[in-house]
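Subject: Structure handover

Hello,

Please find the structure below. My notes on it follow.

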There are 2 protein chains.
Amino acid sequence: MSVRDTEHVAIPLVCEGCAARHDGICSALTPVELLALASHTRHTRHDAGEALALESSEITGYANVTGGVVKLSRVLQDGRQQLVGLQFAPDLMGRLYGRENLLTAEAASDVELCRIPKAIFEALVASSSALKLRLLNQSLQDLDEARDWMVTLGRKTASEKVASVLLLIAQRSARGNKRVTFELPLGRADMADFLGLTIETVSRQISKLRHEGIVVVTNHRHIEVPDIEALRRRAG
Amino acid sequence: MSVRDTEHVAIPLVCEGCAARHDGICSALTPVELLALASHTRHTRHDAGEALALESSEITGYANVTGGVVKLSRVLQDGRQQLVGLQFAPDLMGRLYGRENLLTAEAASDVELCRIPKAIFEALVASSSALKLRLLNQSLQDLDEARDWMVTLGRKTASEKVASVLLLIAQRSARGNKRVTFELPLGRADMADFLGLTIETVSRQISKLRHEGIVVVTNHRHIEVPDIEALRRRAG
DNA sequence: CGTGAGATTGATTGGGATCAAGGATAGTGG
DNA sequence: CCACTATCCTTGATCCCAATCAATCTCACG
């Protein structure tokens, strides 16, 4: 089989135009591998608020987030909750090699998933060095982000914390421009759980940023940031 | 070459009895790979408090922690500091494929390292699927731990936080027994930076745990936990 | 024994939580 | 199209946990 021959294997139809194929996990796969994988995947849609995986439940498979935003959280026995991460397309969901979920995954917005059975995906990982490397890089980056957030949680003031989430979401939503407009995938309660604050404090700090002209808020969820650098300075 | 023949390759002398060879990164290597690697490693000793890597400095290599405890931290511009992790033997230090350090690494206790040049180690990773897998599992576990700690930082009270560090260190120091005795690798200032608290609050909470009989403190650094389950309950 | 860094304890302050009303918004059914 | 309603958000008043300020105390080390 010549090198050119691999180009004659058609990309699965469902994968055309999928974010995961270009920037996600699937970009590490050859057309042949992608074709084999596609025959085992199942696409699902989920409304905002729907639980996608429950803490302590058995892991039945993995899933690429192909649209929307997923929030990952842990809860203490008495109900205190902490969001520990957000997943945007084309992130892969599911703790590799895990037996049970350590986290709850919930749709923050309407979400589209491309689900892959556990055994199929793990076999693919075992056989593909490129995929292993891709997953390794992904988890190292997630670790960097988790550690960054530890600084936010442990050492920033309420005001800096709120600026930090807005900045995080703004950066995911638009690139490069000084002025940024976006729709918040999180309500005030989720922001509070992400920041280790209460709803009231989040609301007050957003109001403060609004009065100071750092952000323009329309309809609670819609945010405009006239000067992203000004916001960055507020994030500490 | 028969299977038995690989056993005729001698394990490098320096690797005999090394923690990394049994439980660490090196356990994923064949004797041949280990031998090749050993010729490039350099063993170093460091006193408590010594900086091992500086935030924003160039990454020049990786290192196995072969003895002692290393603390990883980030600082904000104004000096506020947050510890984001501890590394015990036989953890691997250094952000794989990183160009500059995102964290400062400092010896918490006296530390022994087995240093490996960046290029040598990366070539080894590229060639060994078993090593890739091992590193992937390590970083996934670090991510789980970072997320656990996010819950501690974001949602626990000062009292629960202090119980949480003590529990973390107790679990690393001794296994299985109900009664545990250990030496703290961190002073009060480091504990405060790990927990997002002040020295005074850490000290007060330790005193409270002492008065309640949850811990016995001798010489500030030496801790006894009569009933590890009682401590676990305090950690939330 | 003296010294200095680290730890403890006490007094006071303050930032964010809690308690408590209202105000906006999106969805629903008339 | 417009109440009606439930949910989410905002704002205000008060409280409390942990920070800050300040004074010893302990202990390792010369």
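What rotation, and what shift along its axis, superposes chain A on chain B? The rotation is 180 degrees, the shift is 0.0 Å, and the RMSD is 0.0 Å. The two copies are thus related as by a two-fold rotation axis. The superposition is by least squares on the C-alpha atoms of residues with pLDDT of at least 70 in both copies. Of the interface residues of chain A, 100% are also interface residues in chain B, so the copies meet through the same surface; contact here means heavy atoms within 4.5 Å.

Some conventions before the rest. This is a predicted model, in which local features need pLDDT of at least 70 and side-chain atom pairs count only at pLDDT 80 or more, while totals for chains, interfaces and linings use all residues. Residues are numbered from 1 along each chain as its sequence is written, chains are lettered from A and ligands numbered from 1 in the order in which they are written, and side-chain values use heavy atoms, with hydrogens and water left out.

DNA strand D

DNA strand D is surrounded by 20 residues, and the closest are Arg188(A), Ser203(A), Ser207(A), Ala158(B) and Thr201(B). A residue is near a strand if one of its heavy atoms lies within 4 Å of it. Of the atoms of DNA strand D that come within 4 Å of the protein, 67% belong to sugar and phosphate.

Three elements each supply at least two residues of this surface: α7 (188-195) and α8 (199-211) of chain A, and α8 (199-211) of chain B. The largest share, six residues, comes from α8(A). Helices (H or I, at least four residues) and strands (E, at least two) are DSSP runs, numbered from the N terminus. By class, the surface near DNA strand D has four nonpolar, ten polar and six charged residues. Ala, Val, Leu, Ile, Met, Phe, Trp, Tyr, Cys and Pro count as nonpolar, Asp, Glu, Lys and Arg as charged, and the others, Gly among them, as polar.

The polar contacts (pairs of N or O atoms within 3.5 Å; within protein, one must be able to donate a hydrogen and the other to accept it, and residues adjacent in sequence count only if both atoms are side-chain atoms) include the following:

- Ser207(A): a polar side-chain atom lies 2.4 Å from a phosphate oxygen of DNA strand D.
- Arg204(A): an N or O atom in the side chain is 2.8 Å from a base nitrogen of DNA strand D.
- Glu200(B): a polar side-chain atom lies 3.1 Å from a base nitrogen of DNA strand D.

DNA strand C

Around DNA strand C there are 20 residues, of which Thr201(A), Arg188(B), Ser203(B), Arg204(B) and Ser207(B) come nearest. Sugar and phosphate make up 68% of the atoms of DNA strand C that come within 4 Å of the protein. Here α8 of chain A and α7 (188-195) and α8 of chain B each supply at least two residues, and α8(B) gives the most, with six. The surface near DNA strand C divides into four nonpolar, ten polar and six charged residues.

Polar contacts on this side include:

- Arg188(B): a polar side-chain atom lies 2.6 Å from a phosphate oxygen of DNA strand C.
- Arg204(B): an N or O atom in the side chain is 2.8 Å from a base nitrogen of DNA strand C.
- Ala158(A): a polar backbone atom is 2.9 Å from a phosphate oxygen of DNA strand C.

Buried means under 20% relative accessible area, exposed over 50%, and partly exposed in between (1.4 Å probe, protein chains only).

Strand β9 (residues 180-183) of chain A runs antiparallel to β11(A) and is joined to β11(A) by four bridges; Glu183(A) stands opposite His222(A). Strand β10 (residues 216-218) of chain A is also antiparallel to β11(A), with three bridges, and Val216(A) stands opposite Glu224(A). Strands pair if DSSP finds at least two bridges between them. The hairpin of β10(A) and β11(A) has three residues between the strands, and Asn219(A) takes a positive phi near 60 degrees there.

Backbone points to check

In chain B, Asn219(B) has phi near 60 degrees and is exposed, with a relative accessible area of 71%. Tyr97(B) has phi near 65 degrees, lies in the loop between β6 and β7 (104-107) of chain B, and is partly exposed at 28%.

The peptide bond from Ala89(A) to Pro90(A) is cis, with omega near 5 degrees, and Pro90(A) lies in the loop between β5 (81-88) and β6 (92-93) of chain A. A cis peptide bond also joins Ala89(B) and Pro90(B), with omega about 5 degrees.

Regards
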